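Work through the exercises below with the structure open. Try each task before reading its solution.

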Amino acid sequence: MTTDSLHYTLLIKSAPFDDETNETAAAFAAAVLAAGHKIDRVFFYQDAVLIASNTLTPPQGQQPLHSHWTKLKEHYPLPLQVCIANALRRGILDDSEASRYDKIKTLCEGFELCGLGEMAEAMKQSDRIITF
Amino acid sequence: MNIVILKSPPGSDLESLELVMACAAFEQAPAMVLMEQGALFANKASSALRSDSKSISKLFSALPMYDCEQIYICEDSMHSLGMTSENIHGFCIPTSKDKLKALLATAKKTIVF
């Protein structure tokens, strides 16, 4: 990383089925990382938490929505944080919440449920917050 | 200064306000700009959009208690929605577009809903 590299937080809030925002955000993240900057976190909020659902089944020949992010995470340190309150409302649970509510895990591997304190941290520490 | 801009109208779940309040709870209270349909957040008469959800007006009126004290509302948006100073919470500051532009130019970070 260069000395003038920036720390980014990406806030993704658009519903994944409305338009190409998810793909655009992932392409932006790839460009930022390739340029030597750091992404402190990608925070999925509101309907964007659906991207992290492992129950979505894409039509034949299409990639799952989360694959843009998990592929990127294979090459870079990239925290993929999903707002826990928004996720639970939309039926997305990790192991811990699935156990608590006696349901099944629906969160994709590579993502984690987090509180809104992460966005407060972003406000404080990241150089840039980009909203999609 | 960090600014959260609300352009979308209040929905049944007030997730944009929840983010503002969470940031404030961590001592990162942002200023807020209400514009376009987002100006409706300031309406004193806004009730819950679902019988089992939170009242928009009650939640919004709690913002000053969270140290969110810089809440600006676009005058043009107010007028186009038929709102007057009497309709909105008293702590909201009606502001011209030019002043909002100047304010946004000073923002370190912005989040738009």
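Helices are DSSP runs of H or I with at least four residues, and they are numbered from the N terminus. The model is predicted.

**Exercise 1.** Check the length of helix H1 of chain A: what should its 14 residues span?

Solution. Locate residues 21–34 of chain A, which form H1(A).

**Exercise 2.** Find the buried residues of H1(A) and state where they lie around the helix axis.

Solution. Start with the list: Asn22(A), Ala25(A), Ala26(A) and Ala29(A) are buried. Next look down the axis of H1(A): these residues fall within an arc of 95°, and therefore line one face of the helix. The general rule is that an α-helix has 3.6 residues a turn, so residues three or four places apart point the same way. Then identify the packing partners of the buried residues, which are strand S1 (7–12), strand S2 (38–44) and helix H2 (67–73) of chain A. Finally, turn to the face away from the buried side, where Ala31(A) and Ala34(A) are exposed.

**Exercise 3.** Describe the side of chain B that touches chain A.

Solution. Count the contacts: 13 residues of chain B meet 13 residues of chain A. On the chain B side, helix H1 (15–25) and strand S5 (109–112) are the elements that each give two or more residues. H1(B) gives the most, with five. Sorted by type, the residues on this side are seven nonpolar, two polar and four charged.

Conventions: Residues are numbered from 1 along each chain as its sequence is written. Chains are lettered from A and ligands numbered from 1 in the order in which they are written. This is a predicted model: local features need pLDDT of at least 70, side-chain atom pairs count only at pLDDT 80 or more; totals for chains, interfaces and linings use all residues. The expected span of a helix is 1.5 Å times one less than its number of residues. A residue is buried if 20 or more other C-beta atoms lie within 10 Å of its own, exposed if 12 or fewer, and partly exposed in between; C-beta atoms are placed from the backbone. The arc is that of the directions from the helix axis to the C-beta atoms. Two residues are in contact if their C-beta atoms, placed from the backbone, lie within 7 Å. Ala, Val, Leu, Ile, Met, Phe, Trp, Tyr, Cys and Pro count as nonpolar, Asp, Glu, Lys and Arg as charged, and the others, Gly among them, as polar.
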